[in-house]
Amino acid sequence: MHPPLLDPHAGPDALPGAVLLDARTGADVYAAGHLRGALHADLERHLSTASEPGTDPARGGRHPLPPLERWRAQVGAWGIGPETPVVVYDDKSGANAAARVWWMLRALGHRAVRVLDGGLQAAVAAGWELSTEVARPMAVRPYPADAWQLPTVDATAVDALRSQPHARVVDVRAGPRYRGETEPLDPIAGHIPGAVNLPFTENLEGSRFKSPEALRAQYLALLGDVAPERLVVHCGSGVTACHTLLAMEVAGLPGAALYVGSWSEWCRQPRPRA
């Protein structure tokens, strides 16, 4: 069993041979300083097809998953094989985009991946070294996987599930965005009718994840009589939703599906809005 979180006080040598991934967005951010030995896993270039010409948010949202073959090749290029321990961090308490990396690796079937709880700030406070040296990976073969192994749903499935009594759709964006009071990123404000709101920030106590017991109580209250496998999690573009999927894993409640396109796709399609 591989716990999904790593306490930064365990130190950088807690997992010998681990590949360390910096999931903050932007090459300039990485170049300005990162944890020593970390490789850069960029949301726009590595974790989605957002930067590719012709990407249409109405078909897949603002951060569509890359094709499986490309992701397998990228993981191998970072030197990650089936037995390689991986530690991922960002500077947003896992929300952008360490949890997305965690989910994407788990979706390949990779078990030995952990998010650094508290991220860059907590690691530095615990004595991890910063560096501006660009790490050079020891590439291996593309990761052996023939399908995404964690559940995802598309907009059509969400439309069918959102009114079913034994399913639940949860929107993890901040309350004002869910209520349609503001929308900084997408052209239309609001939410998917029938979706309930539990912001991903509720997974945190300060900059760290709540205890497994607190998270379990929180999500059992959300689920009611709905099984975790009947829960669909979404956000704006399928990134911070992974934070909630990670929290549910910490809580011992795995199995929920990710709606990758999320509100950024839904609001651009001729679908009902609330």
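Start with the largest pocket, which holds about 380 Å³ of space. Select Pro12, Ala18, Leu20, Arg36 and Gly37: of the 21 residues that line this pocket, these are the closest to its centre. Colour the whole lining by type and you'll get 14 nonpolar residues, 3 polar and 4 charged. Keep in mind as you go that this is a predicted model.

Next stop, the second largest pocket, with a volume of about 250 Å³. Pick out Asn96, Arg177, Leu185, Val239 and Thr240, which lie nearest its centre among the 16 lining residues. Here the lining splits into 7 nonpolar, 5 polar and 4 charged residues.

Now switch to a cartoon view and look for an open sheet. Its 5 strands come in the order β1-β6-β5-β2-β4, with parallel pairing. At the edges you'll find β1 (5-6) and β4 (39-40), each pairing on one side only. Strands in a sheet are held to one another by backbone hydrogen bonds, in a parallel or antiparallel arrangement.

Which residue of β6 is the bridge partner of Leu6? Select Leu116 and you have it.

What packs against α3? The buried residues of helix α2 do, so select residues 68-77 to bring α2 up. Its buried residues are Leu68, Trp71, Arg72, Gln74, Val75 and Gly76. Step just past the end of α2 to Gly79, where phi is positive, at about 85 degrees.

For the last stop, select strand β13 (residues 231-234) and show its side chains. Leu231 and Val233 point one way, while Val232 and His234 point the other way. Are these four buried or exposed? All are buried.

Finish with the neighbours of β13. Strand β9 (residues 168-171) pairs with β13 in the parallel sense over 4 bridges, and Asp171 has His234 as its bridge partner. Strand β14 (residues 257-259) also runs parallel to β13, joined to it by 2 bridges. Click on Val233 and then on Leu258 in β14: the two stand opposite each other.

Definitions and conventions
Residues numbered from 1 in each chain as written. Predicted model: local features only at pLDDT ≥ 70, side-chain atom pairs only at ≥ 80, totals over all residues. Heavy atoms only, no water. Pairing = 2+ DSSP bridges. Buried < 20%, exposed > 50% of the residue type's maximum accessible area, 1.4 Å probe, protein only. Contact = heavy atoms within 4.5 Å. 1 Å grid on protein atoms, 1.4 Å probe; cavity = no way out; pocket = protein on both sides within 12 Å on 5 of 7 lines; lining within 4 Å. Points joined across faces, edges and corners; volume = space filled by probe spheres on them. Nonpolar A, V, L, I, M, F, W, Y, C, P; charged D, E, K, R; others polar.
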